[in-house]
Amino acid sequence: MSKFQKLTLLFTLLISAAFFATVSREDRPADPADKIFVNGKIITLDQGNTVAEAIAVKDGKILGVGREAEIRALAGKTTEVIDLRGRPVVPGFVDGHSHFLSLSNRKSADLSAPPVGNVRNIADLIAALKKYQQENNIKPGEWIRGSRYDQDQLEEGRHPTKEDLDAAFPDNPVIIGHVSGHMSVVNSYVFKISGIDENTQDPAGGQVVRKKGSREPAGLLLEGARSLIRTAGNTTERPSLEDQLNLLDEQQKLYASHGITTAQDGSTAYAGVELLQEAAKRNRLYIDIEALVAFGSLKRIVSEKKYAFNRLDNHLKLVGTKIFTDGSPQGKTAFFTSPYLTEVPGCADHCTGIPTITQEKLDENVRFCFDNNIQPYAHCNGDAAIDMYIKAVRAAEESRKGTSRKLRPVVIHSQFVRPDQLDSYKELSMIPALFSNHTFFWGDVHQRNLGKNRAWFISPLKTSIKKGIVATNHTDYGVTPLSQLFLLWTSVNRLSRSGQVIGPDERLTVTEGLRAITINGAYQYGEEHIKGSLEKGKLADLVILSENPLTAEVGRLKDITVLETIKQGKTIFKIN
């Protein structure tokens, strides 16, 4: 080879190297992804319900979603590549309504019926309380507490009485809470120290249930009557701040294990607001908490101006306030326009439940929310309670035009809403936060107590969709288990404990069921632009599942497992 040929070859090699180096630098992203997830089924739940192959994450946000080749192009030398091996990814679940701060349930005897617990009769209930007393070394005079009993699942088919508790616990004050959270049973010891007897008058929005034919209290306290209980002399020490923060850690782990990246605390008292604020300040929160300030604490918080609403900061947001209007349908305190069809404790004729607030007071409360730009959430189960809330929202809207559309008032539970009331929701931009788990746990009970027509239209998710209403779905934990896959199963199948379909026309598709617990939940909180679906620019809140819910047999949806939960790009739960 001549000298000229050698120089020509060298020049060609240099030009080629420079060219390929340039191409390599151009192909390599300037700001590569932190992680990419490939070889999966990315169920985006975007507007078109797209299913993609891969997803990229950068700085806690979604960098891209699409075909695997496109997403791999976003990788750099330091990018972690996760092979999903065909497994599905869904958006982090957005809790439509639960009680995140239900930490006290960890310090009481669990009296749940199967399949959640093991209490089948009153003897089992007493045994569970005895075991709790022994395990916690509770001495005479100290309180014994239980939670989540369900009279409809007890073999006796009734509420426990004070005599049931007296026989086992003559020397202790005992209180057991109903699974609905709307009533309690206490023993004679509690009545004595609280001064509750035959002369005690029922408080507004509550009732002391009496023995038939007399004024003697039977043990059952409905709704506001629980406020009559005096806890003076309770020797239980309040947990330290560090203990409370540790309980928050445990609660977050529980929520994360079910794929929940945004949780709600459904009625936060002033002390709860302070606890959550302190946790946020100390960076102890790692899932987003949407707090509904209990209305009894709202005016104080607004007047003090210590804490701001509508701002997600360090995983905490004061998103609104909760107002109670009625009680529980399975407890027969939900407020209806037509009466219950079976016997109601403490009521003899035309028993329609208990409104827990007057129309005048409800109007005042909703107007306060509108005046202060605070999203109102009202607990309404029966249609009469829903009528009251619609009336209050309409009155507030008339004085502040356009505010309802901006605030999106939420109807918590909205269980027995009528079709005409759904039309009012649409008109006033109200959001029904529905509760399909009731179809399993109490669908059979509702048919007995309310009749087929009302029972079958419970939590009408499908009709809401047809009417163009954004509806969410929730567990109301600790009323029902926290599992979002079980919640999905109930919304798609609507099977009762006995195996009957409760309202077949209200069954959702799997995609619709997923949207109710993701993007619709984000919409409820005014956060649909940052979470709820897997789209570029949104928070990287992801859940990896054991099986694709879109292709799984619908009867098996509740058996799908959360394998990993990722909040803003960081793993917060993983099955090893």
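## Close-up views of a predicted model

Asn121 counts as buried because its relative accessibility is 15%, where buried means under 20% relative accessible area, exposed over 50% and partly exposed in between (1.4 Å probe, protein chains only). This is a predicted model, in which local features need pLDDT of at least 70 and side-chain atom pairs count only at pLDDT 80 or more, while totals for chains, interfaces and linings use all residues. Residues are numbered from 1 along each chain as its sequence is written, and side-chain values use heavy atoms, with hydrogens and water left out.

**View A. Asn121 and its surroundings.** Asn121 sits in the loop between β9 (109–110) and α3 (122–135); helices (H or I, at least four residues) and strands (E, at least two) are DSSP runs, numbered from the N terminus. A polar atom of the Asn121 side chain lies 2.7 Å from the backbone nitrogen of Asp124. Setting aside neighbours within four places in sequence, Asn121 is in contact (heavy atoms within 4.5 Å) with Leu154, Glu155 and Glu156.

**View B. The cis bond at Pro115.** Staying in the loop between β9 and α3, we find Pro115. The peptide bond from Pro114 to Pro115 is cis, with omega near 5°. For context, most peptide bonds are trans.

**View C. The second largest pocket.** This pocket holds about 560 Å³ of space. On a 1 Å grid over the protein atoms alone, a pocket is an open set of points where a 1.4 Å probe fits, with protein on both sides within 12 Å along at least five of seven lines, and lining residues have an atom within 4 Å of a point. The volume is the space filled by probe spheres set on the points, which are joined across faces, edges and corners. Which residues lie nearest the centre of the second largest pocket? They are Arg158, His159, Lys212, Glu343 and Pro345, out of 22 lining residues. The lining divides into seven nonpolar, seven polar and eight charged residues; here Ala, Val, Leu, Ile, Met, Phe, Trp, Tyr, Cys and Pro count as nonpolar, Asp, Glu, Lys and Arg as charged, and the others, Gly among them, as polar.

View D. Cys347 and Cys351 make that link, with their sulfur atoms 2.1 Å apart. The link of Cys347 and Cys351 is left-handed, at -100° about the S-S bond. Cys369, on the other hand, is in no disulfide, and the nearest cysteine sulfur, that of Cys380, is 13 Å away. Cys347 is partly exposed at 29% relative accessibility, whereas Cys351 is buried at 10%. Cys369 is buried at 0%, and Cys380 is buried at 0% too.

View E. Most residues other than glycine have a negative phi. Lys332, not a glycine, has a positive phi of about 65°. Lys332 is found in the loop between β17 (316–324) and α9 (359–371), and is buried at 12% relative accessible area. Gln568, also not a glycine, has a positive phi of about 50°. Gln568 lies in the loop between β23 (562–567) and β24 (570–574), partly exposed at 28%. Finally, the peptide bond from Tyr477 to Gly478 is cis, with omega near 5°, and Gly478 is in the loop between β21 (472–473) and α17 (484–493).

Notes: A polar contact is a pair of N or O atoms within 3.5 Å; within protein, one must be able to donate a hydrogen and the other to accept it, and residues adjacent in sequence count only if both atoms are side-chain atoms. A disulfide is a pair of cysteine sulfur atoms within 2.5 Å.
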